[in-house]
Amino acid sequence: MSRVEKKAPSVCTDLPLNNAEVCEKLHLMKELLKSCYGPRGRLKHVRNNIGGRVTTSSASSVILPALYSSQPLLNLIKTSVLNHISRFSDCGLFAGVFCLSLLEQARRHELRESLAIKVNKHCLSLCTSYLQRDDCACRVKIDFSSSQNLMTLAGSIISSKPACLLTEAEKLHISTMAVRAFLQTIPCSSPGPVTLGQTVTVTVRGLPVLDSAMFPGLLVETHDDFNQTDSSSELLRTVLFSTSLAGDLAELGDGTIEADPNLDTDLQILDQLLELGKQLVEDEVRLCVCQKVIHPVLQQYLRSHGVVVMERLGMALMEPLGTLAGTQPVATLHARIPSTAYGRVKNLSTKQFGFKTMLHLQADGEAAVCTAVLCHRNETMLDELKVVWRKTEDVLRLTLKEPSALLGGGCTETHLSAYVKHKLSLLLQGQQEASETAAGLRCSPAEFLLGVKVFCRSLDMVARSLEHDGGSSAMDLNHAHHWTVSANASEEDMAGGLGLCGCGLVENSSTEWTFLNTEYAEFCPAPLLGDSCRKPTVLDSFTAKVNALQVAVETANLALDVRYVIKDVN
Amino acid sequence: MPPSERLPLEQVLEIVSALEAVVLRSFGPEGGQVLFTRDTGQAMLSRSGTCILSALHLEHPLARVVVESVWKHSRGTGDGSKTFILLLASLLRGISKATSRGPSASHAYGFTEAAKAAAAPYFANKLLELVSSDLDDLIAVNVVPYGFCVSLEDFTTHSGRLLLASFFHTRVSHVHCSYLSELTCEMLNRWKYKSDLPYISFQFLSDNFPALHTPVSGFPVSSSRLIEGQVIHRDFATPCLPSKQQPVKVVVFTDYMQPILLSTGDVLKLGYGGGVTPESSIVHFSAWTERSLESVIAELQSLGVSLLLSAVKQSDAAVALATQAHMSLVECVSEEELSLFVQLSGVTPVSRGCTIQLEHVAALSFCRPILLGGHRYVQVAFCESPKSSKVNPCSLVICGPGEGQTDQYICAIRDAVCMLMTTWEPKHTSETTASRGTLQSDKGTASLDMTPTFQSTANKPYGLKKCVFEPGCVIPAGGTFEFLLSRALPNPSSDTNGLPSVSQLLANALLSVPRQIYSHSPKLFLQAQTRIMSLVQNPSNPFSLGLKESTPGPMVDLGLESVTCKYQLILAVVQCATSVLRVDTVLHTRTALHTQSKKHTIFSRASTEDEAED
């Protein structure tokens with residue numbers, strides 16, 4: 001204890017949501033997230049204060065960690081959204097915008113905090129139970145026998161991030177790749193519990209996006225000049241080492257070793273290593289891979305006997321390589337390597353991508369390991385593409401848990417909002433139940449309706465956030481889908497029809513519209529009848545969105561429940 | 001002479017009132033949460049009084065003493081930290097009012113500062129005397145008959161849930177109370193030792209709680225659940241091989257499987273005094289360690305073991321050999337988890353150098369990887385064995401949108417178990433109690449002790465006296481306890497000096513609690529008071545009747561609370577008030593690292609040490 005310092009007393013804020021400064025900050029954050037939302041979202045440059053690299057993105061997973069606020073309430077919301085992203089990858093902006101809208105709307109309508117919490121919770125359970133129902137009109141079943149919906153899902157995610165700067169053809173190329181990679185990692189032959197395979201991503205800067213490709217097996221970057229004549233289609237006996245082959249005996253412990261000056265311990269160890277090498281050659285091993293370092297003499301020895309040597313593979317690639325070769329790594333230096341420890345690799349060849357030379361290893365038989373090579377023109381765009389790729393991968397995997405998707409383009413939000421409004425006004429018409437519900441929440445029916453209005457407005461707000469070019473958002477009064485009206489459209493244009501709705505499922509079906517920021521009489525959103533042969537063109541992940549909805553409401557409820565903020569300033 | 005600071009009663013009151021103002025925000029049924037950020041930037045949410053107070057980083061030594069007492073109290077009982085501050089503040093307010101108004105007789109002479117200063121410690125001593133001698137009997141006679149005892153069989157039923165729900169109502173957001181209390185009830189049921197006292201299983205849960213829960217952030221709270229068996233918060237070090245064998249045999253290692261040849265400080269001398277023989281080669285030693293590792297693995301294989309749990313990180317060679325022998329290995333298992341595992345499976349861990357025998361092998365019904373949030377853990381479930389057949393081991397998975405929330409829920413559940421432990425604490429029959437009369441309450445569920453002679457306990461510090469109520473004694477919440485006790489306190493108009501009696505002071509302080517509960521509508525306060533008073537007038541209709549029958553009584557919607565916790569709370573508050581009031585001066589000493597006997601000086605009269613140096 002060299003320096004004793006008094007701790008500064010904490011800074012306290014009473015009733016933070018009534019504080020104008022805090023509200024201003026919440027509003028700012030909402031506007032920021034809103035402007036990033038959707039395929040026409042605005043991009044953000046992220047740069048640190050010492051002039052580090054500039055990142056361009058509109059993804060919440062990039063922007064949110066870069067935001068720093070001294071306001072604990074904002075950080076609370078930020079971490080909630082980030083936690084959601086870390087589990088589900090998708091719908092982070094949705095969760096953020098919805099949560100902040102709930103807070104803002106509750107304040108604007110001067111709703112009591114405790115009441116807002118209860119009504120939010122009530123509306124949320126109504127939404128989640130509706131989304132789980134079979135007759136839910138905004139849910140689409142994913143059929144794994146056709147790739148159509150999977151392609152739409154992947155395409156929606158890729159186009160929702162404009163910072164990738166992809167043309168239509170490039171979007172199609174990447175989404176096809178993503179769906180192919182996803183299908184490749186599902187093993188089809190093994191019965192019983194299925195272990196999903198892995199996709200390893202390699203990025204190459206400076207090549208056109210259309211050069212991106214998917215390969216079965218693994219691509220491992222190599223710096224050694226690899227003799228092309230070695231490439232063969234035959235099976236190669238493979239051994240994996242997880243321990244260092246550099247001659248350091250780390251397992252002996254921390255004690256010191258004193259050796260006779262005449263005794264060369266290094267030489268003894270090297271002899272032992274060469275002994276091991278001799279065994280490998282005798283066992284006709286053709287590929288020797290080590291996670292750590294291989295002694296140069298041993299490398300030289302093995303190479304001279306026609307063994308392909310790869311060292312410093314790293315932990316990350318060991319597992320997929322083990323799966324690919326069908327073997328487990330070896331870590332003993334003295335014992336004879338049992339023949340079961342050898343694996344097999346097929347079709348060794350090299351691939352050239354820009355400045356990168358990679359060794360392509362393929363499995364003998366089916367192994368659910370594949371490699372995606374992502375190319376883009378510059379590093380910033382490549383980074384964004386990588387983020388989007390990972391997100392697409394995760395979302396496609398989530399469909400295995402729950403083979404559904406939700407209509408995109410804001411249609412789910414408007415539909416849910418109309419549904420909640422309709423359901424609860426039905427409840428209020430049957431006065432008996434309504435008074436019970438209201439009494440259960442300890443409020444009057446009028447207060448209850450106000451709470452519902454706040455919830456629905458916030459949902460509509462998310463749908464409205466999709467429009468950034470000065471246009472307005474509308475909803476038809478039949479199916480409650482979301483439509484965008486461009487800024488220069490006249491009344492006649494609207495009467496003549498607005499084309500397709502946000503998700504592309506409804507065309508011009510209704511002539512009755514309402515703008516999303518206006519009052520409208522509640523109505524029952526009609527489900528689409530089977531006669532429509534249209535397929536949705538924009539889909540969102542079901543699992544991610546349902547979770548985002550829940551997380552957003554819970555976080556808003558928490559923020560509403562905070563009465564006092566204590567900030568440690570030490 | 002170090003600089004000193006007078007500590008008049010007004011200032012003490014000011015400090016405690018400031019603490020009260022912070023705590024009040026989250027007190028009662030309408031209370032909200034307090035968000036605080038640590039110096040590390042980590043955000044925490046809490047409605048727990050202890051957490052809030054300790055986050056304040058208070059500077060004044062007196063405030064620190066108060067917070068420390070709150071902390072000690074709530075660690076013991078798990079409950080009542082906010083009420084603690086509230087009671088303390090109103091008690092001090094009462095004393096301050098009494099002393100400033102002063103005895104009517106002293107008006108003629110002028111009420112001197114010295115007399116005023118002497119009055120406060122006088123009250124404090126009287127109060128301590130009152131509660132340490134009479135309080136338990138007052139409660140036993142006047143409060144307990146209106147409550148009832150919850151037996152553990154009842155726990156799944158209405159009243160157990162209600163007790164937990166009312167506890168969670170004071171600690172977490174309202175919308176999640178019922179969900180959390182269901183979950184906790186379910187957990188307690190599964191962990192119930194059928195033959196033992198409920199106290200034993202609460203004690204076990206409380207001791208092993210760190211190993212029994214997993215926080216998962218990024219999911220809604222409604223995803224929280226119980227899962228079978230125990231979760232080991234580590235991933236497999238080897239690829240998990242699906243084991244077809246049933247049951248799964250497991251061995252626990254506390255040390256390295258591969259012997260460490262040289263520990264720190266050892267010196268290995270090679271090649272001195274002999275030629276280069278095979279024995280003098282370094283390779284020889286390294287080969288020896290590998291061979292002994294192989295023999296351990298072979299031994300395990302012959303016993304049919306397929307899972308290894310290790311407290312330490314094993315060597316690369318051990319991992320690779322285990323993998324090749326089709327064994328799964330889990331490394332770096334924490335001490336707490338390992339000890340729980342050993343208790344539940346009844347296995348003896350393998351330590352350094354001992355040979356593995358049958359007693360080291362435990363059987364599991366399954367062992368599988370489990371994905372919780374972003375982490376992959378290992379879930380193990382135990383086979384039926386004589387030891388574990390009594391309970392159905394399960395682990396708690398607590399989900400929340402962020403870390404702050406999961407921590408809050410975990411804290412609340414831990415404190416709930418602690419509260420239950422206090423409530424069900426077995427009755428200690430005090431040897432000093434000379435005569436005992438057992439009184440059956442009208443429903444026959446609660447038997448209570450009457451101790452007509454209490455002079456022998458009067459001089460004992462309260463810590464020595466253990467719980468005197470029947471285990472599991474509860475009373476309807478919402479101020480019932482406070483109303484009943486304040487009514488029961490003896491009420492002589494004033495003592496000989498013209499000062500108000502201490503029991504009156506305590507009664508007034510007690511009433512401030514329900515007043516605060518109903519602070520949003522004073523009408524409700526009066527209604528509640530009238531209802532309880534009318535029930536007292538008409539003893540044929542105590543609450544217990546309403547509760548026991550299926551028709552809910554008038555107060556049941558307010559929940560239940562534990563009588564023992566309340567009793568200990570009052571004791572702790574009065575003790576804290578006494579220690580605070582006996583201090584009159586704060587000495588600011590300059591010695592930087594003076595650490596000896598802080599506690600002794602701080603409570604002693606006229607010398608309080610500034611604690612700022614720690």
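Me: What makes a pair of residues count as a salt bridge in this predicted model, and how many are there between domain 1 of chain B and domain 2 of chain B?

Reply: A salt bridge is a side-chain nitrogen of Lys or Arg within 4 Å of a carboxyl oxygen of Asp or Glu. In this predicted model, the count between domain 1 of chain B and domain 2 of chain B is 0 by that rule, although over all chains the count comes to 36 salt bridges.

Me: How do you know that domain 1 of chain B and domain 2 of chain B are in contact?

Reply: Contact requires heavy atoms within 4.5 Å, and 23 residues of domain 1 of chain B meet this condition with 12 residues of domain 2 of chain B. The area buried between these two domains is about 1,200 Å², with carbon and sulfur atoms giving 52% of that area. On the side of domain 1 of chain B, the residues that lose the most area are B:Gln33, B:Leu45 and B:Gly78, together 30% of what that side buries. Across the interface there are also 3 residue pairs in polar contact, both residues being at pLDDT 80 or more.

Me: Why is the pair A:Glu21 and A:Lys25 called a salt bridge?

Reply: The closest N and O atoms of A:Glu21 and A:Lys25 are 3.9 Å apart, and the cut-off is 4 Å, so the pair qualifies. Both residues lie in helix H1 of chain A, 4 residues apart, which is about one turn of the helix.

Me: Why is A:Glu21 called exposed, and what is A:Lys25 called?

Reply: A:Glu21 has 53% relative accessibility, and exposed means over 50%, so A:Glu21 counts as exposed. A:Lys25 has a relative accessible area of 23%, which lies between the limits of 20% and 50%, and therefore A:Lys25 is partly exposed.

Me: Why is A:Lys34 counted as buried, and which residue is its salt-bridge partner?

Reply: Buried means under 20% relative accessible area, and because A:Lys34 is at 19%, A:Lys34 counts as buried. Its partner is A:Glu31, the closest N and O atoms being 3.7 Å apart, and A:Glu31, at 32%, counts as partly exposed.

Me: What makes A:Glu170 and A:Arg377 a link between distant parts of the chain?

Reply: A:Glu170 lies in helix H7 of chain A and A:Arg377 in the loop between strand S14 and helix H11 of chain A, 207 residues apart. They form a salt bridge, with the closest N and O atoms 3.3 Å apart. A:Glu170, at 8%, is under the 20% limit and therefore buried, whereas A:Arg377, at 41%, counts as partly exposed.

Definitions and conventions. Residues numbered from 1 in each chain as written. Chains lettered and ligands numbered in written order. Predicted model: local features only at pLDDT ≥ 70, side-chain atom pairs only at ≥ 80, totals over all residues. Heavy atoms only, no water. Buried area = accessible area lost by both parts, 1.4 Å probe. Polar contact = N/O pair within 3.5 Å; in protein donor to acceptor, adjacent residues only side chain to side chain. Helix = DSSP H or I, 4+ residues; strand = E, 2+ residues; numbered from the N terminus. Buried < 20%, exposed > 50% of the residue type's maximum accessible area, 1.4 Å probe, protein only.
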